[in-house]
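Here are some notes to read beside the sequence and the model. Each point takes up one part of the fold and gives the cut-offs for its terms.

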Amino acid sequence: MDSPIQLLGGRLWAFLLPAYHLLSGFLPYYVQMLFRRFYCLATFATCVSRTNSAPPGFPSSGNGLWYTTPGSVWAQELLPVGNGYLAAMLPGGTSQESTQLNIESLWSGGPSQDPTYNGGNSLPSQHIQLAEDMQSIRQTIFSSPTGTIDNIEEIMEDAGAYGSYAGAGYLLATLDTSGPVTNYWRWLDLDEAVSRTTWSQGGATFYRETFCSHPLQACLQYVNSTAKTLPSLSYAYSVSVQIGLPTPNVTCFDNSTLSIRNYIYNPGMIYEILAQVEAPGGSVVCSAVPGSNPPNATLSVTGASEAWITWVGDTNYDMMAGNAASNYSFQGPDPHDTLISILSSEDLGSKSYSSVLAQHIADYESIVGPFSLSLGQTPDLAIPTDQIVASYQTYVGNAYLEWLLFNYGRYLLTSSARGTLPANLQGKWADESSSAWGADYHSNINIQMNYWFAEMTNMDVVIPLFNYFENTWAPRGAYTAWALYNISSGWVTHDEMNIFGHTGMKLSGNSAQWANYPEANAWMMIHAWDHFDYTNDVQWWQTQGWPLVKSVASFHLEKLIDDLHFNDSTLVTAPCNSPEQLPITFGCAHAQQLIWQLFNAIEKGFAAAGDTDTEFFNAVLAKRDQMDKGLRIGWWGQLQEWKVDMDSTTDTHRHLSHLIGLYPGYAITSYDAGLQGGLTTNGIFMNYTKEQVLKAAETSLLHRGNGTGPDADAGWEKIWRAAGWAQLGNESEYYKELTYAIERNFAPNLFDLYTPGSDIFQIDANFGYPAAVLNGLLQAPDVANINIPLQVTLLPALPPTWSSGEMKGARIRGGITLDFAWIDRKLTSATFSVDDNVSGRGRDVVVNYGGQVIGQFRSDGGTVVNLSF
């Protein structure tokens with residue numbers, strides 16, 4: 001196959017770009033910038049800078065990101081577009097644009113790569129031995145003076161061909177222009193979900209825009225200029241920058257369409273991309289590159305006034321084939337026919353570019369439009385986004401950037417969550433063949449944080465998440481429940497999940513601290529309950545939500561066992577690890593709180609489900625009463641992370657697992673002594689008050705530090721801490737932690753970086769951030785049963801920086817929509833509107849503000865309550 005230099009007419013750019021990307025991961029940032037300046041000079045790319053104003057056409061509200069130089073560092077500077085099925089990253093080049101591509105299901109590993117892959121599970125022949133090993137582990141833990149054990153490797157399994165989410169190569173677009181570039185801008189419009197670039201060169205002004213349409217499952221890139229016709233334009237495909245991706249077959253499907261076919265790994269998953277060009281007034285020619293092996297081809301455009309390329313892509317992955325009937329193959333048909341159908345559909349083929357763009361914008365608006373937030377921000381249209389980020393300071397803050405980050409999180413979720421698969425650890429954006437942590441579905445905080453804000457901001461994006469659980473977790477998870485835990489009801493999975501049903505407990509040395517997490521299913525079922533609680537969608541609850549929740553509760557009913565260490569007649573989990581902490585023990589607070597909340601969801605959702613299995617229902621209530629609730633106050637006033645009091649005062653671990661009931665859960669926040677109180681510790685009966693439990697949670701949160709510990713310096717841990725401080729009503733610590741995360745972990749393109757200045761992108765803080773902002777403005781945590789009033793608190797942790805603002809279209813539990821506003825840090829109005837479809841689920845609602853009750857009402861269908869001050 002010809003090199004990118006040959007494909008692009010011998011341009012030096014095609015050599016320097018791969019070299020730059022290859023070296024950037026190893027070079028200090030200042031050296032990267034020097035290399036970038038050399039790249040600009042050597043290739044006549046844009047090196048000029050404009051700082052006097054935002055680009056023409058930029059949203060007057062300031063709702064977008066804009067820059068005056070092209071991007072080059074993938075994780076820090078490129079701009080993302082996506083529709084859930086496809087995604088792309090854009091540097092904003094001028095005469096040359098290198099668009100990095102993604103297909104949501106393009107993964108290495110799995111049964112396509114290794115037919116023996118079994119989701120990291122043991123063999124049926126090991127069942128009896130594993131049951132004996134599990135019993136031995138539990139006995140050893142209970143009989144240990146410390147209630148701990150060193151390892152549980154005998155019940156863990158090698159991950160096998162676990163795989164990784166991967167990039168899908170690069171689309172190279174080249175305009176035959178030369179000379180200096182002036183009047184350069186690139187920006188991401190968050191009102192329209194479109195990435196744009198404009199510049200002047202050779203006496204003409206050029207304009208390029210890129211977006212991914214969800215209704216059409218396609219991405220488009222458009223270019224025009226002020227000249228009568230565009231310079232000659234060519235399109236090519238390259239994988240030379242992406243190390244590890246095999247060389248593809250690139251052929252002419254027809255005279256205006258490239259067909260790109262490849263494997264992610266050989267052997268491995270098949271993927272195909274079809275890229276079709278339209279050029280009104282001009283000609284398009286597809287040409288095979290002579291002598292290429294494998295075959296290669298390019299598209300050339302001449303004489304056109306404008307042009308756009310549309311690409312579609314898919315793999316032979318099939319989520320519906322992840323069950324025993326399909327032998328867990330996860331393999332479907334070759335994607336070619338599906339892609340032809342999409343590309344030739346009436347919706348795409350017969351529409352003008354402007355109508356496709358208008359349809360895309362309307363679709364995006366339908367997702368983000370029902371909700372809006374103002375923080376009293378003043379848009380800064382004179383300073384590029386990267387400079388605003390660079391000047392940002394902890395606790396000083398900047399309401400405009402904070403508002404922009406909130407909207408950016410909603411944009412990213414809209415752009416990544418609406419495919420077949422849910423948003424992963426990097427949304428749907430990845431540029432390598434092997435991504436950090438596989439860009440998988442970590443299920444002990446990360447996938448949960450991705451969706452924390454979706455329901456409250458009224459975003460219809462969560463159903464693919466539940467489809468994923470139903471079709472990749474549950475089928476093989478039922479086998480794991482039997483094989484590993486000797487449980488015949490329900491299903492289970494563990495911390496790390498791919499798209500191939502990896503339900504086993506990963507063995508990687510003594511990896512129990514992160515692999516021993518059978519509560520992943522319980523935490524995610526809280527999300528299923530939340531979706532019903534917010535929407536009152538009874539049909540969905542009966543057909544998908546309830547069956548998932550019931551099956552997980554069935555598993556945990558059997559998994560809870562008697563506490564034979566303290567012999568206090570309670571039920572506990574064993575063995576357990578508080579996520580990513582070392583001790584292997586029993587009765588971890590995190591697990592106990594989660595399972596208690598899960599069992600509450602059974603009680604609250606049983607009637608609406610139309611279920612008549614009263615034996616199951618009564619068993620849940622009985623074990624819920626008997627189980628340890630995971631709430632103990634330890635020797636230094638902390639909320640214990642484990643039932644054995646062994647917390648360290650100097651533990652600044654990144655996870656806040658034992659505080660899950662503070663946020664995002666409610667076992668702490670909505671603590672009820674009548675339901676959760678009453679325990680024996682050191683032979684003494686205790687019945688904590690709510691104030692005592694909250695004070696202990698505060699002590700634990702304070703000692704956990706600011707999210708910059710010896711184990712990590714990630715954005716998500718800071719965001720979680722901020723949300724916790726908001727829940728406690730501590731505005732000062734809340735805003736300090738929130739702004740610290742922004743200053744330390746967010747890149748010039750507003751991507752969250754795992755450690756400051758690194759090239760490791762991890763999207764969970766981008767998604768957790770909007771949730772943390774919401775929690776400082778509006779709180780309506782769940783409660784144990786529907787007879788307990790829902791406590792709504794307005795402006796619980798309002799920072800001075802957001803002194804005036806408003807929220808419209810917020811959703812809270814019970815199918816209630818809320819609009820409210822504030823001026824000079826004082827609430828001015830609040831309107832609650834209850835959906836009509838809440839028959840039988842009405843509840844008492846108490847509205848709090850400033851430490852006082854300011855309103856109460858019953859949430860009967862159609863009720864509207866106006867509060868003004």
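1. Buried means under 20% relative accessible area, exposed means over 50%, and partly exposed lies in between, with a 1.4 Å probe and protein chains only. The model is predicted: local features need pLDDT of at least 70, side-chain atom pairs count only at pLDDT 80 or more, and totals for chains, interfaces and linings use all residues. Residues are numbered from 1 along each chain as its sequence is written, and side-chain values use heavy atoms, with hydrogens and water left out.

2. Is Asp628 buried or exposed? Asp628 counts as buried because its relative accessible area is 6%. Asp628 sits in the loop between α18 (614-626) and α19 (673-676); helices (H or I, at least four residues) and strands (E, at least two) are DSSP runs, numbered from the N terminus. The side chain of Asp628 reaches the backbone nitrogen of Gly630 at 2.8 Å. Not counting residues up to four places away in sequence, Asp628 touches Thr570, Leu571, Val572, Gln592 and Lys643, where contact means heavy atoms within 4.5 Å.

3. An open sheet has nine strands in the order β1-β7-β8-β9-β10-β17-β14-β13-β12, with antiparallel pairing. Its edge strands, β1 (64-67) and β12 (249-254), each pair on one side only. On average, neighbouring strands of this sheet are turned by 15 degrees against each other, direction ignored. Two strands pair if DSSP finds at least two bridges between them. Strands of a sheet pair through backbone hydrogen bonds, either parallel or antiparallel.

4. Helix α9 (residues 353-368) lies across β8 (194-201), β9 (204-213), β10 (218-225) and β17 (306-315), and runs at about 50 degrees to β9. Axes are lines fitted to C-alpha atoms, for helices over the stretch in contact, and angles run from 0 to 180 degrees between N-to-C directions.

5. Strands β12 and β13 pair in the antiparallel sense over five bridges. Ser259 in β13 is the bridge partner of Thr251. Strand β13 covers residues 257-263. Ser259 is buried, with a relative accessible area of 6%. The side chain of Ser259 makes a polar contact with the side chain of Glu272 (3.0 Å). A polar contact is a pair of N or O atoms within 3.5 Å; within protein, one must be able to donate a hydrogen and the other to accept it, and residues adjacent in sequence count only if both atoms are side-chain atoms.

6. Ile447 lies in helix α12 (residues 446-450). Why is Ile447 called buried? Ile447 is called buried because its relative accessible area is 1%. Not counting residues up to four places away in sequence, Ile447 touches Tyr441, His442, Leu465, Phe469 and Met524. Ile447 and Gly281 are 166 residues apart in sequence and 48 Å apart in space, C-alpha to C-alpha.

7. Strands β31 (residues 844-849) and β32 (residues 852-858) pair in the antiparallel sense over six bridges. Val845 stands opposite Phe857 in β32. The hairpin of β31 and β32 has two residues between the strands, and Gly850 takes a positive phi near 60 degrees there.
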